[in-house]
Amino acid sequence: MSAATTRSRTPDRLCAEAVDLARAAAEEAAAPGIVGEHVGAVSEGDRVVTHFFECRELGYRGWRWAVTVARASRAKIVTVDEAALLPGPDAVLAPEWVPWSERLRPGDMGPGDLLPTDAEDLRLEPGYTGEDEPAPNSPVSHELADLVEAEDADVAAGPPSGFLPVVPSRGSITGVAEELGMRRARVLSRYGLYTAADRWEEAFGPKTPMAQSAPAACVTCGFLAPIGGSLGQAFGVCANEFSPADGRLVSLTYGCGGHSEAAVMPRPPQPPSPVIDETRVDPFPLRPAPDSGSVAATADEDSEELGHS
């Protein structure tokens with residue numbers, strides 16, 4: 001252990017008393033009215049003390065102006081070493097930086113964005129293996145190809161020369177794959193296939209609330225468009241425009257209310273015959289006919305005296 005580390009951490013008296021000097025240095029570095037009250041001092045070593053002042057800058061809550069002062073050995077003049085704005089124990093800080101590869105989330109990519117993949121990405125594997133061989137119409141053999149690469153020579157296309165007495169029996173794997181339209185440097189690995197299937201099943205699988213309340217699964221739905229490959233054993237594409245999964249890759253065990261066989265619409269019920277025929281008009285006279293009542297229409301004298309008309 002060095003002698004410097006064994007010395008006392010007690011603040012130097014002259015440096016600890018140089019509060020005004022430290023404040024003047026902080027005010028010179030900051031804008032007017034930004035430096036607040038003195039909140040403490042810390043010994044940084046022999047004759048080295050750092051003074052802390054409150055920061056009143058908006059957006060820097062909990063930060064402090066730190067001014068370090070020092071003096072030489074056997075000297076009585078204290079000088080300013082440095083001044084800086086540092087975060088305090090309760091300062092508001094930016095979140096810890098995270099690499100973009102860990103910060104990226106599905107849906108973050110926009111038009112024009114590029115997402116490079118690592119060379120050792122577990123989701124991918126080589127699309128072809130084996131050493132490339134010259135195509136059958138190649139003018140060079142393996143030995144001559146190495147010589148051409150070493151000498152940086154130009155080889156013109158044409159029939160094989162004396163260097164190639166026997167034409168290769170088969171072409172390169174990449175050449176055949178390119179002719180078949182299947183030349184891809186890397187393809188989806190089994191790990192990448194499983195992680196994609198788990199992600200799709202979580203979004204449109206049997207455990208979603210929509211599938212739990214569905215009348216039937218997608219495997220029996222007429223709107224399910226099957227897909228090829230091994231994924232076709234567990235997934236398909238929904239083609240129902242009214243389904244929440246329209247155009248999405250759904251699990252065969254997923255389901256929604258838009259199932260093609262969910263319900264057969266019954267015929268609209270026929271209304272019963274009306275009790276009162278409202279289509280025919282029945283005339284009702286405002287006054288009864290003269291001969292329709294039991295009282296004679298002719299008045300006699302006896303009834304007129306009694307007040308009958």
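Student: Against which strands do the buried residues of helix α3 pack?

Tutor: In this predicted model, the buried residues of α3 pack against β1 (35–45), β2 (48–55), β3 (63–70) and β4 (79–87).

Student: Which residues of α3 are buried?

Tutor: Helix α3 covers residues 19–29, and Ala 22, Ala 25 and Ala 26 are buried within it. Seen down the axis of α3, these buried residues fall within an arc of 100 degrees, so they line one face of the helix.

Student: What does the face of α3 turned away from its buried side carry?

Tutor: That face carries Asp 20 and Glu 28, both exposed. The word "exposed" is used for a relative accessible area over 50%.

Student: In what order do the strands β1, β2, β3 and β4 stand in their sheet?

Tutor: The 4 strands form an open sheet in the order β1-β2-β3-β4, with antiparallel pairing. Strands β1 and β4 each have a single partner strand and stand at the edges, so one side of each is left without a neighbour in the sheet. On average, neighbouring strands of this sheet are turned by 20 degrees against each other, direction ignored.

Student: Why is Arg 47 called partly exposed rather than buried or exposed?

Tutor: Buried means under 20% and exposed means over 50%. Arg 47 has 27% relative accessibility, which lies in between, and therefore counts as partly exposed. Arg 47 is placed in the loop between β1 and β2, and its phi is near 60 degrees, a positive value in a residue other than glycine.

Student: What makes Arg 74 count as buried, partly exposed or exposed?

Tutor: The relative accessible area of Arg 74 is 80%. The limit for "exposed" is over 50%, so Arg 74 is exposed. Arg 74 lies in the loop between β3 and β4, and its phi, near 65 degrees, is a positive value in a residue other than glycine.

Student: How many disulfides does the structure hold?

Tutor: The structure holds 0 disulfides. The closest cysteine sulfur to that of Cys 218 belongs to Cys 221, at 6.0 Å. A disulfide needs the two sulfur atoms within 2.5 Å, so this distance is too far for a bond.

Student: Are Cys 55 and Cys 218 buried or exposed, and what values decide it?

Tutor: Cys 55 has 13% relative accessibility and counts as buried. Cys 218, with a relative accessible area of 9%, is also buried. Both conclusions follow because buried means under 20%.

Student: Which strands form the sheet that contains β8?

Tutor: An open sheet of 3 strands has the order β7-β8-β9, and its pairing is antiparallel. Strands β7 (224–226) and β9 (249–251) each have a single partner strand and stand at the edges, so one side of each is left without a neighbour in the sheet. The twist from one strand to the next averages 50 degrees.

Student: What makes β7 and β8 a pair?

Tutor: Strand β7 and strand β8 (residues 235–238) share 3 bridges in the antiparallel sense. At least two bridges are needed, so β7 and β8 are paired. Gly 236, in β8, is the bridge partner of Pro 226.

Definitions and conventions. Residues are numbered from 1 along each chain as its sequence is written. This is a predicted model: local features need pLDDT of at least 70, side-chain atom pairs count only at pLDDT 80 or more; totals for chains, interfaces and linings use all residues. Side-chain values use heavy atoms; hydrogens and water are left out. Axes are lines fitted to C-alpha atoms, for helices over the stretch in contact, and angles run from 0 to 180 degrees between N-to-C directions. Buried means under 20% relative accessible area, exposed over 50%, partly exposed in between (1.4 Å probe, protein chains only). The arc is that of the directions from the helix axis to the C-beta atoms. Contact means heavy atoms within 4.5 Å.
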